[in-house]
Every structure is written in C-alpha cells, then in structure tokens.
Amino acid sequence: MMWSSPTTLSLFLLLLLGQVPPSRPQSPGTKTIRLVGPGNKPEEGRLEVLHQGQWGTVCDDNFALQEATVACRQLGFESALTWAHSAKYGQGVGPIWLDNVRCVGTESTLDQCESNGWGVSDCSHSEDVGVVCHPQRQHGYLSEKVSNALGPQGRRLEEVRLKPILASAKRHSPVTEGAVEVRYEGHWRQVCDQGWTMNNSRVLCGMLGFPSQVPVNTLLHPQSPLSSRLNSLTNKNSFWIHRVSCLGTEPHLAKCQVQVAPGRGKLRPACPGGMHAVVSCVAGPHFHPQKPKPRRKESRAEELKVRLRSGAQVGEGRVEVLVNRQWGTVCDRAWNLASASVVCRQLGFGSAREALFGAQLGQGLGPIHLSEVRCRGYERTLGDCPALEGSQNGCQHTNDAAVRCNIPDMGFQNQVRLAGGRNAEEGVVEVQVEVNGVPRWGTVCSDHWGLTEAMVACRQLGLGFANFAIKDTWYWQGTPEAKEVVMSGVRCLGTELALQQCQRHGPVHCSHGSGRFSAGVACMNSAPDLVMNAQLVQETAYLEDRPLSLLYCAHEENCLSQSANHMDWPYGHRRLLRFSSQIYNLGRADFRPKAGRHSWIWHQCHRHYHSIEVFTHYDLLTLNGSKVAEGHKASFCLEDTNCPTGLQRRYACANFGEQGVTVGCWDTYRHDIDCQWVDITDVGPGDYIFQVVVNPTNDVAESDFSNNMMRCRCKYDGQRVWLHNCHTGDAYRANTELSLEQEQRLRNNLI
C-alpha cells in the first residue's frame, strides 16, 4: 500500500468516522504551532500550524520579524532573532494554511494576526517560511512535555502497551516483551509488523520506561506456541495502525509517521501478509527482576557521570554532571526532550516525558558545568552531546535544568494504600503481601518506622515526599479487613521503589501488636532542601583562645568539652575552632521546625527562642573517622538572614517571631557568636576531618538528605589551623553513592 498524502488521509478518516470537515476556522486559542528543523535546535525550523487536526505550513509572503516574534513567544521563547524565506528548512507537505500574515507584534498567538484566511494561498511549498527564536525561554515557561500526544490527523493516542503473548510472560514484572497495542477511544488496537524497524522499537520501549531494545526472532516454527498465538490474534483483523516509521529519537510514537489501516469492509486487508508487531525491550538496572551482576568499580565510575537530584519520584530530578571530580548542574538554555532523553536512557530509564526549565526541581549549589546542550537523541551519554561551558553565558542556578523520565510499570503502586486520613495524602499505611501464597492486605508495624521508610511509602504511592512518619495512628480508622499486621521490622535505605523491597522480618513480630500503633504517613508534593555553604566555612575558620570568664553562658549550654568542667573557673582559657555557617534552602518548600511554638526553648546566650534543639552536629574526626573533639549538638533559631533580590524575608527570631528558612533564602550564624565553634583544647597537632551535619537526625523532611553533611580537611600545628577541600557530602562522589544508612553511620562516627 502506498503512503497516502496527509490531506487525502485526513479526509478519508473524517469520512470513515462519519464526520464532516468543519467549514469555519476553530476559535482563537485552539491552534497549535511548531518548528520543524534540526533535531538539536528546538528554537529554529520551518513554521507549521495545526488546523482542523492537520499540520500545514505558512507562506513567506509579507512575513517579517514582528510575525516571527509572535510565533516565538507562542512557542515559549523570549523573542525572535530572524526569519528565513524560500523553504530554508525544507519544503513541508500538506496544506499551506496561512498566507500574507500581518501582525502588530502584541498578539499572543499567530491566529490572532490578520491573514488571507485558513487555506487561502497562492504559494507553493518552495515559499515555506522558517523562524529562528532566541534560545532563552520566557519567564514562567516551565517545561517541554509529552502528554496524550496527537496521533494521526489530530486523533489522540491515549496509551501504548506491550501485551504478553505467552502466559509465562504475563507473570514477569515489568513486561518487557509482547505485541504492540495502542489505546484509542477506550479500545486497544493492534499495530501491523510490516515495515516495523528497530527505530520504532526504540521509541516504543522509551515510552514504556526502557532504555534499549533487542531484536525479536519473528521467523518462528509454525508449531511453536508463540507463532500459533500470533496467528490466532492476526485472524481477528483488529489492526488500527498499518504502518509506523520512526527515526528513533521521537519522544512519543505519535510523533512518528503513522499510516492508519483501512476500515473494515474495505477490499484491502488491514495487514496484508503480516502479523502483530512484537517488541522486546531491555529493562534498566533499577527494574531488573534479579539483581544485576556487580561490575568493576572503575567502569561504573566512568559510566555514571550524570545523576538526578531532589526528585519526588524515581526517574526525575535536577540534572547534575560530574566534571573534574566535582558535581555541577546544567543550564536550561536550549534544554529539550532530546537532551533530556539522553540523560534518562544513560541512567537506565526510558525516554523523557518532560524537560523542565527554571530550577523547577530545586536549585543546585556549586558550579554550572554545561549550557546549551544540543543532543540529537542518538547519543549514548550526555557527554557525547555538543555543549558550552556553563560559565560562558551567564547562567544562574535559577536556570538549572531538570527531567522527568518514563519508568516501567512495576505494579508497586497497586500494593500500597492509605486509609483513614483527612485527605488523600495521609493515613494508615496498608500494604499487600503474600501470606502462604495468598495476597493479603494489612498494616505495617511502627517499630523502627521513620522518615526514611515514610519516604519510600510516599514514593510508592506517587504522592511525592514524606512530611511526617507517624507511629501512633489511633485517631485514623483503617480498612476493617486490613487490621492485621503483615509487615514488621521494616528498614529502608531510602532508594527502594517500594516497601516490599526494604529489609523486614521473615515471620511478623510486632512488639505492641496491631491497632493504634500501626505505621502512618503524611505526604507532600514539595519539600525543602538544606545545604551548607562549604566555601564560607573554609574562608572564615580561625582559632581563638577565649578566657573562661567569657564562657559561662556557653558552658551552661554544653558548648564546651567535658574537660572544661574540671578547670579552675574563671581562670584559664579554651581553644576554639570558630567559623561562620550559612545554610541555604535550595528546595521547593519552606523549611519549618517540627515543634510548635509552645515547645520552643529560650536560650539566654543567644537571647532568643530555639525551635530545633538538635539542628547541627559539629565534630573533629581523625582521618579514619574517630572523634577527637567532643562535638556539640548545636541548637538554632531559624530565620531568613538574607534573601536574593526580589524575595521577601518571611521568618525572624526577634520578638518570638515565626521561625523557618524560606525557599531560596539562607540562615547565617556568624563566627563571633557563642557556641559557633568546636572546642579543640584537648586536641594535639595533626591532620583531621572537620565535619558539620545539618538536620542530623532527619527530624524535618527534605527532598535530598545526601547533601546535609559538609566535610573539610583540617591541618592543625598546635598554633594555627587550615581548612581546605571543604565540600558537601555528595559534591565529589562519582558512583560511590552512600545509602542513607551508611551516611548515618558516618555522621555518628560508627566507622
């Protein structure tokens, strides 16, 4: 069958569906435009307009910069740089929808400009106009996404799946091999395998959350179970899509060239001489049913030079890359789905479903390594794509790029639920586990239940981050038939996809039985993220021999080592390692104390209330991790010491004010205030590690706990001190990512 022209095919579909083509233009605001051109330059290409469900071009007659500016703004760019005449970006196909377009320049969409009218043109496709936009996105333009994409002639493809052919394949999770099916208008339709290519498989596997694909042996023995099953399906003649042709870089099957099969009763069969398209995908390491074989550390460190941070779900987050042994961010200039998909596949996920701009998943701290990344979509790693250095074009962390990747459906979201809460984001955690081979719903014992476990539960539920881990849920009525405890001793690392993957007891053992002490959670869509300014610590550190006569208040608050108890007060002095601390909130929600105002404690030394009694740990360690200086647990009054220009301070300690740290602001404790030190009076000369941990017990929820620890190398000669190589806990690691449990051991000096 020859490929039909888009116009003929569109009319055929409309007649097939019993619809008459509309005789008048659609209302303003319903038009869609796009640029068709180089895959790595989303800001330039041939201008096309969607009208009556069909894409068409725009003639270059009278087209000028103000028309191009309206088009670029509609596409989310700040402005137009120029336009191109005479089909510079190739000749389009189908109708020429607009001719003699005349804009004032203030219109919000191209269809608000004057023209000859829809489809009224005396041009040929050799006059198709092209547009070059400024790559900077408009403020408020948040992302480029694929959702419910338009299929052939504007008909929406609701969903795509692989239908397992053999019964044995149905038991596998995720399903990686099967017949391709497309959901349209509530019904699943099949795809013909004639002309099906590996590029098609690559696109489909990416949509389903798989990074790659393998060939399927379609030359099967006629009597094989797979062959006979395919033949029986083919006889039903339920094909809807006759042929698909993809380049392999498309984010969605609907973006490929698609030919719809003829309707039932036509002389031509829907799939002549063919059968169902069968695809076999390869799951990434996160989703293997069995644990992958460990690789050598060297090869893993070489491969994983990109990571995602601060995402609520697996497969989403701020993009960070490793350059010169230091992690940094990527600027969102020219960031698009093609580059985002390279990141996703490199990390073992599918293609990108959304490329996010403007630090939508939080700002990073440190260098901005890359800008104007221009991937074509075929690259194996982000490092293979052309890019500029982030420092070359003035990018800020407010421009940090992020991504949401397609991930496989593991079925975990159907194995957990919340019950009894005031809203859908809170309640008693009920899980489904197999008991004697039979699936059963029940509760989770709250022994050892903490924020890490609650984070996994909220992620499994698709509800974002955990706000609270609740151990006493007597005020929530769970499901009556799920009162029994079916899971106990749950200990998660924080990286699991589901509670069922966490360590837990074999036989259930709950010290307090079921009922009021079942585990519960309260989830939230966004969370704060506290990060210490390591550079400021390094620059402000110094020694002070402070007389005991000035340390009475600090002594009362346990800010000195125990040996101070045995001194002859007020005679003598203590040697203090002093420094300033500046703690940024780089998340997407304000950091607020867990305790209510009624439980805040007045501190005489600082002359204000402290809302968090254990907010930081200050320690001096040997190079093997043993504690040498008795670090103290500093309490804080939380406030916005400073905010960026244009952002209002919301929290202040004075006059019993509200406490917290606003998103984008920072709380500074200067080196010259009481307790802003480590007492090293009893420490001898040598090389040490200076360590500061923020929110050490994870009392308050954050989107990322891996950057809460800051460490410096410390050299002390008995008279002077030098701090160098100060960095947050995750700033220099390549693939040696520590679990939350390992980090907790480090923080508590359990080496």
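A helix here is a DSSP run of H or I at least four residues long, a strand is a run of E of at least two, and both are numbered from the N terminus. With that settled, let's start. One caution first: this is a predicted model.

The overall picture, then. The protein has 11 helices and 41 strands. It has 751 residues, and 54% of them count as buried. Now take the contacts between residues at least 6 apart in sequence. Of these, 71% join residues at least 24 apart.

Let's look at one helix, α2. It covers residues 65-74. Which of its residues are buried? They are Glu67, Ala68, Thr69, Val70, Ala71 and Cys72. What do these buried residues pack against? Four strands: β1 at 32-36, β2 at 44-51, β4 at 80-84 and β6 at 130-133.

Keep phi in mind. Most residues other than glycine have a negative phi, and most peptide bonds are trans. So here are some departures from that pattern.

Take Asn324. It is not a glycine, yet its phi is positive, about 55 degrees. Find it in the loop between β16, residues 316-323, and β17, residues 326-330. Is Asn324 buried or exposed? Its relative accessible area is 74%. The cut-off for exposed is over 50%, so Asn324 is exposed.

Now Asn695. Its phi is positive too, near 50 degrees, and again this is not a glycine. The loop this time runs between β39, at 686-694, and β40, at 709-716. Buried or exposed for Asn695? The relative accessible area is 2%. Buried means under 20%, so Asn695 is buried.

The peptide bond case is Trp569 and Pro570. A cis bond joins them, with omega at about 0 degrees. Pro570 sits in a loop, between α10 at 552-556 and β30 at 573-578.

On to a sheet. Strands of a sheet pair through backbone hydrogen bonds, either parallel or antiparallel. Our example is an open sheet of 3 strands, in the order β28-β31-β37. Parallel or antiparallel? The pairing is antiparallel. Which strands are at the edges? They are β28, residues 530-532, and β37, residues 666-669. Each of those pairs on one side only. From one strand to the next, the twist averages 20 degrees.

Zoom in on one pair. Strand β31 covers residues 581-585, and β28 pairs with it over 3 bridges. To see one of them on screen, click Val531: its bridge partner in β31 is Tyr584.

Last stop: empty space. Rolling a probe the size of a water molecule over the atoms shows where empty space is left. How many cavities of 30 Å³ or more does the whole structure hold? The search finds 3.

Helix α7, residues 337-346, gives the largest share of the lining, with 3 residues.

That's the tour. Asn324 is exposed, whereas Asn695 is buried.

Key: Residues are numbered from 1 along each chain as its sequence is written. This is a predicted model: local features need pLDDT of at least 70, side-chain atom pairs count only at pLDDT 80 or more; totals for chains, interfaces and linings use all residues. Side-chain values use heavy atoms; hydrogens and water are left out. Two strands pair if DSSP finds at least two bridges between them. Axes are lines fitted to C-alpha atoms, for helices over the stretch in contact, and angles run from 0 to 180 degrees between N-to-C directions. On a 1 Å grid over the protein atoms alone, a cavity is a set of points where a 1.4 Å probe fits but cannot get out, and a pocket is an open set with protein on both sides within 12 Å along at least five of seven lines; lining residues have an atom within 4 Å of a point. Grid points are joined across faces, edges and corners, and a volume is the space filled by probe spheres set on the points. Buried means under 20% relative accessible area, exposed over 50%, partly exposed in between (1.4 Å probe, protein chains only). Contact means heavy atoms within 4.5 Å.
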